[in-house]
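Open your viewer and get the cartoon and side chains ready. We will go from stop to stop, with something to select at each one.

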Amino acid sequence: MQLDDKIIHLRQKSQEKPLSRRDFMQTLSLAAAAGPGLVAASLTGFSLTHSQRAEAAETTAVYLDKLPMVQYGTKMGKMKVARVCIAQDWPGALFAPALEMGMNFVHKAGYWGNNVPDEIKKLPRESYYTDITVDNTSPGHNPDNFDEAYNQVVQSLDKNGLKYYDVYRAHYGWTNVDKFKVENVSYKAFLRLKKEGKVKYFGVSQHPYVPYPEIIQAQIDSGIIDSMQVWF
């Protein structure tokens, strides 16, 4: 069998019943053979036991080793982050190996309620970075609703105890250039939250509305955006 065929065969086998130790070790070996960056992808779709999932996550971390740190933009103070970030909705077994690899940025941390993983809770707050995707600019929400933007940040911090978010990110961004104004309500909410020590930097995760290039350019020209998450 070719490499891909063996992976498919073992994946199907795992769906029928838990893999034997022999088959599981073969699975890890085949995943590692796929090359750096593809280990986790090769394991997608496998039905593994709890202990197998934990061992697979640990193997992934060991195989990839420590991730390099890079400067996060030019307007973000001295933030240095790993090239791969943690996502708030990852399976719990991945947090420990991710931290071991050096990942230090949690994307969408604002969606954590009182269920922050223990691996994150025990860390000094200054040792990692977070963002909150503020939904007042999302479809079905009102980008001119100050209270919605402000309260999402305050209420989430009350629940998860993270103290502050490094990046306040206007989720989805704006539907057109006219909707984006230098003194827009979302930015005003950010300024108040920053004054209160609840956020540090203003970002946007601009989704590809039309005219997308014009919106991006308007945001750059405004000078108020510290961090941009863009489609490419």
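Is Val 230 buried, partly exposed or exposed? Select Val 230, and you will find a partly exposed residue with a relative accessible area of 39%. On this scale buried means under 20% relative accessible area, exposed means over 50%, and partly exposed is in between (1.4 Å probe, protein chains only).

Before moving on, a word on the numbers. This is a predicted model, where local features need pLDDT of at least 70 and side-chain atom pairs count only at pLDDT 80 or more, while totals for chains, interfaces and linings use all residues. Residues are numbered from 1 along each chain as its sequence is written, and side-chain values use heavy atoms, with hydrogens and water left out.

**Stop 1: around Val 230.** Val 230 sits in the segment after β8.

**Stop 2: the whole chain.** Zoom out to see 9 helices and 8 strands; helices (H or I, at least four residues) and strands (E, at least two) are DSSP runs, numbered from the N terminus. The C-alpha trace spans about 60 × 40 × 30 Å along its principal axes. Of the 232 residues in the chain, 45% are buried.

**Stop 3: the sheet.** Colour the strands next. An open sheet of 6 strands runs in the order β3-β4-β5-β6-β7-β8, with parallel pairing. β3 (86-87) and β8 (227-229) are at the edges with a single partner strand each, so one side of each has no neighbour in the sheet. Now pick β5 (residues 129-134) and β6 (residues 165-172), which pair in the parallel sense over 4 bridges; two strands pair if DSSP finds at least two bridges between them. Here Val 134 stands opposite Ala 170 in β6.

**Stop 4: helices on the sheet.** Show helix α7 (residues 146-160), which lies across β5, β6 and β7 (199-206) and runs at about 135° to β5. Then show helix α8 (residues 185-195), lying across β6 and β7 at about 155° to β7. Axes are lines fitted to C-alpha atoms, for helices over the stretch in contact (heavy atoms within 4.5 Å). Angles run from 0 to 180 degrees between N-to-C directions.

Stop 5: A salt bridge is a side-chain nitrogen of Lys or Arg within 4 Å of a carboxyl oxygen of Asp or Glu, and the count comes to 8.

**Stop 6: Glu 55 and Arg 21.** The side chains of Glu 55 and Arg 21 meet in a salt bridge (2.9 Å, N to O). This pair links distant parts of the chain, with Glu 55 in helix α4 (residues 50-64) and Arg 21 in helix α2, 34 residues apart.
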